[in-house]
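Subject: Structure for you to look at

Hi,

Here is the structure I promised to pass on. Please open it first, then read my notes below.

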Amino acid sequence: MSLAHTAAEYMLSDALLPDRRGPHLKELRLELPLDRMVKFIAVGFPLLLMSLAFAQEFSSGSPISCFCPSNFSIRQAAYVDSSCWDSLVHHKQDESGQHRTKSLWPHKALPYSLLALAVAMYLPVLLWQYAAVPALSSDLLFIISELDKSYNRAIRLVQHMLKIRQEGSDPHAFWDELEKARKERYFEFPLLERYLACKQRSHSLVAAYLLRNSLLLFFTSATYLYLGHFHLDVFFQEEFSCSMKTGLLHDETHIPDLITCRLTSLSVFQIVSLSSVAIYTLLVPVVIYNLMRLCRWDKRLLSIYEMLPAFDLLSRKMLGCPINDLNVILLFLRANVSELISFSWLSVLCALKDTTTQKHNIDTVVDFMTLLAGLEPSKPKHLTHRMCDENP
């Protein structure tokens, strides 16, 4: 056995990927990075604001301060604050002298509306977890495993070719068999390619992804309507007139008809309203961008794996409309590229392929590794000329 042959065997053995059987894969990322960011902000931000509202209420005591008559005792003043906060109704007279009331309930419902908003924003995440994650997880595990296995099969094929070439006595027979195998497509393993092609006709994952982001836009629009209709109406009202003449106190003459009260928590209410509008306005373009990614193919991963035998979805122009499950799977493969051990090897080979394409016809990893192992990727010219001389 020659030194060059031994070095080629060592090089091919090092190029083989370790066999990952069992639960050796790390935890798959079943959410895209932008989706995860949107989830944390859309759900976590209202919870943060809710804690701020509750902290302000517990730290400063009563959220309102009423200007009671001077003859009221401390307990009577506290009762007025409590009663006016429970009713939270502004009494006024219009220009015609008619008595009007205006409810200020959004101040009281602020923490609970934020909790409802967080729950609503988490519903699309739950939908994705139960409707898409189980199928997506199984698809990713199978595809990642098959991509690495296809790479290993290509390397083992080159090892087998090198062994046959070293043991064979007739180089003409070896190259004839090699050319015949290429024409008959023996080097191709079409299971993965056909599986991915079938995913173009499936739309369950893409439907769940579209529904998730559409629900986020819907709940964001509902938040805008709620803030604009209810919060804007009481946004600048710091003082209101409270009526105490209700129930047993209706006929009490020493109690004034209206008592002026001031909302001490108005600044928190305004901060929460403005920050909610600002944050969700910034999230809308991100959600729209997530939806727009489904309108075009992510071909970066496919272009790298075109070097594998029978993985020519791009060169055969087999990609149709991008709104299908295959495009979603490609996006998640990019997010889980750290789990693809073969990706780094093929990326290097693709970079080297551009420098050698001018001298050699290299299409797949088999051709490239054959060249690195010391074999020509096609029949040498001197053997071709010799055959032509023998058969004029």
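Asn71 is exposed, with a relative accessible area of 54%. The cut-off for exposed is over 50%, so Asn71 passes. This residue sits in the loop between β1 (64–66) and α3. UniProt, in an unreviewed entry, lists Asn71 as a "glycosylation site". Keep in mind that the model is predicted.

Next, the cysteines. How many disulfides are there? The count comes to one. Cys84 is joined to Cys242, with 2.1 Å from S to S. A disulfide is a covalent bond between the sulfur atoms of two cysteines. Cys84 lies in helix α3 (residues 74–87), and Cys242 lies in strand β4 (residues 239–243), so the pair ties together parts that are 158 residues apart in sequence. The link of Cys84 and Cys242 is left-handed, with -100 degrees about the S-S bond.

Are these two cysteines buried or exposed? Cys84 is buried, at 0% relative accessibility. Cys242 is buried too, at 1%.

Other cysteines look like this. Cys295 is partly exposed, at 45% relative accessibility. The closest cysteine sulfur to that of Cys295 is in Cys321, 8.2 Å away, which is too far for a bond. The limit for a disulfide is 2.5 Å. Cys198 is partly exposed, at 39%.

Now the annotated spans. The unreviewed UniProt entry gives "transmembrane region" for residues 37–55, 109–128, 209–227 and 268–292. In the model, residues 37–55 are 100% helix and 0% strand, and their end C-alpha atoms are 26 Å apart. Residues 109–128 are 95% helix and 0% strand, with end C-alpha atoms 30 Å apart.

Last, take a look at helix α2 (residues 33–60). It has 28 residues. At 1.5 Å a residue they should span 40 Å, and the end C-alpha atoms are 40 Å apart, so the two values agree. There is still a kink of about 30 degrees at Gly44. That kink comes shortly before the proline Pro46.

Which residues of α2 are buried? Among them are Val38, Ala42, Phe45, Leu49 and Ala53. An α-helix has 3.6 residues a turn, so residues three or four places apart point the same way. The buried residues of α2 also include Asp35 and Lys39. What do the buried residues pack against? They pack against α5 (110–131), α9 (204–231) and α10 (266–292).

Best wishes

Technical notes. Residues numbered from 1 in each chain as written. Predicted model: local features only at pLDDT ≥ 70, side-chain atom pairs only at ≥ 80, totals over all residues. Heavy atoms only, no water. UniProt positions renumbered as here; feature names shortened; annotations may be inferred. Helix = DSSP H or I, 4+ residues; strand = E, 2+ residues; numbered from the N terminus. Buried < 20%, exposed > 50% of the residue type's maximum accessible area, 1.4 Å probe, protein only. Expected span 1.5 Å × (residues − 1). Bend = angle between axes of the 7 residues up to and from the residue. Contact = heavy atoms within 4.5 Å.
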